[in-house]
Structure formats: C-alpha cells, structure tokens
Amino acid sequence: MKQESTDALDNVLKGLGPEDVDEYLNAYADSLEDAPRPFAHYLRGLLRQKRLTQREVFERAGLSDRYGYRLLTQEKNTRQRDYILRLCFGAELSLLEAQRALKLYGMSELYAKIPRDAVLIIAFNREIYQISQVNELLRAHGMEPLKGGEDSE
C-alpha cells in the first residue's frame, strides 16, 4: 500500500466517527508512525536520505556529539526549541521537514506572525543552514541568536 500524506489522512479523518477507528488504523497502517520515538525515527530517515552522518549534523549545529545524540534519541528531552532548530539547520532540512521535526518532538512549529520565527522561516526558505549565518541574520534584526552553542553568545 502506498504512503498517504498527512493532509490526505486528515481529510479521511474528517469523515470518520469513533466506530471507524479500527478500520482506519488497519487501512492506513503503512502511513502511520509506529516508532516509539517518532522524532528520532523521522530525523534519522532524513539523514540517511541526505547522506549525512549524525556527527556532521551535530558539528554543523554547534552541539557536542554526546548532547546531540541524546537530543536525537530523545534520551535527553529539552524544552529549548532552539536546540531542535539547530539540529534542523545542521541537517539542512527544508522548512516543511523542519516544521514536521518540531511537531514530532512536541514543540510548536515556526509561526509567520512571530518576528523571530519569520526570520528563521526565511533562513530555511533561502537554504541558509550555517548557524553562524542564521545567528547573524537574527542579530541584524535585533533578535536573540539561536541558543545552545558556543556561537550563541
């Protein structure tokens, strides 16, 4: 069976009631996340597609290997969205991929009406992935740089 998009699944769910749950779960089993840690599963899949190593991503993100690994596996949970954004930039994710990664980690997605988020959205859209360049863009507009690395001071 083919993988259905989230939008397609959302549309299917609009027409279902509680009595349809089992049928839905069976019919779309191939499209549903079943990993115990969906963020780790998703990001590792993207890294494989992009042929990036975890170490490369952690280095680009300005995170130590140990801390980056603990974030990636969700062994260490953080409430600092900037750390997850650093991983997203380090992995050179598209805006859509980054939004999904944030959501799977349990964090709010970037929101165009929040000025700092708007700058980050522009960085993703323009494929500005170097943390130093992202932070420079944020500082140029009077905003706090991404937290979590030596370059954030």
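The model is predicted, so local features need pLDDT of at least 70 and side-chain atom pairs count only at pLDDT 80 or more, while totals for chains, interfaces and linings use all residues. Residues are numbered from 1 along each chain as its sequence is written, and side-chain values use heavy atoms, with hydrogens and water left out.

The protein chain has nine helices and zero strands. Helices here are DSSP runs of H or I with at least four residues, strands are runs of E with at least two, and both are numbered from the N terminus. From that end, the order of elements reads α-α-α-α-α-α-α-α-α. Along the principal axes, the C-alpha atoms fill a box of roughly 55 × 35 × 25 Å. Of the 153 residues, 41% count as buried. Buried means under 20% relative accessible area, exposed means over 50%, and partly exposed lies in between (1.4 Å probe, protein chains only). The accessible surface comes to about 9400 Å². Carbon and sulfur atoms hold 48% of that surface. These areas come from the Shrake-Rupley method with a 1.4 Å probe; for residues, only the protein chains shown count as cover. Contact means heavy atoms within 4.5 Å. Among contacts with a separation of 6 or more, 58% join residues 24 or more positions apart.

Two packed helices are described by the angle between their axes and the distance between the axes. Axes are lines fitted to C-alpha atoms, for helices over the stretch in contact, and angles run from 0 to 180 degrees between N-to-C directions. Helices α3 and α7 (residues 95-105) pack at about 155°, with axes 8 Å apart. The pair is therefore roughly antiparallel. Angles under 35 degrees count as roughly parallel, over 145 as roughly antiparallel, 65 to 115 as roughly perpendicular and the rest as oblique. The crossing of α3 and α7 is left-handed. A crossing is left-handed if the near helix is turned anticlockwise from the far one by less than a right angle, and right-handed if clockwise. From α3, Pro38, Phe39, Tyr42, Leu46 and Lys50 meet Glu97, Arg100, Ala101, Leu104 and Tyr105 of α7. Seven residues of this contact are nonpolar, none is polar and three are charged. In this scheme Ala, Val, Leu, Ile, Met, Phe, Trp, Tyr, Cys and Pro are nonpolar, Asp, Glu, Lys and Arg are charged, and the others, Gly among them, are polar.

Helix α7 has several buried residues, namely Leu95, Glu97, Ala98, Gln99, Ala101, Leu102 and Tyr105. Their cover includes α3, α5 (65-72), α6 and α8 (115-125). Glutamine 99 has a relative accessibility of 11% and therefore counts as buried. Beyond its neighbours within four places in sequence, glutamine 99 touches Glu109 and Leu110. Just after α7, glycine 106 takes a positive phi of about 95°.

Helices α4 (residues 54-61) and α6 (residues 81-90) pack at about 120°, their axes 8 Å apart. That makes α4 oblique to α6. Their crossing is right-handed. Val57, Phe58, Arg60 and Ala61 of α4 meet Arg86, Leu87 and Gly90 of α6. The residues of this contact divide into four nonpolar, one polar and two charged.

Arginine 37 lies in the loop between α2 (21-27) and α3 (38-50). At 43% relative accessible area, arginine 37 is partly exposed. Neighbours within four places aside, arginine 37 is in contact with Thr73 and Gln74. Its C-alpha atom is separated by 25 Å from that of leucine 146, 109 residues apart along the chain.
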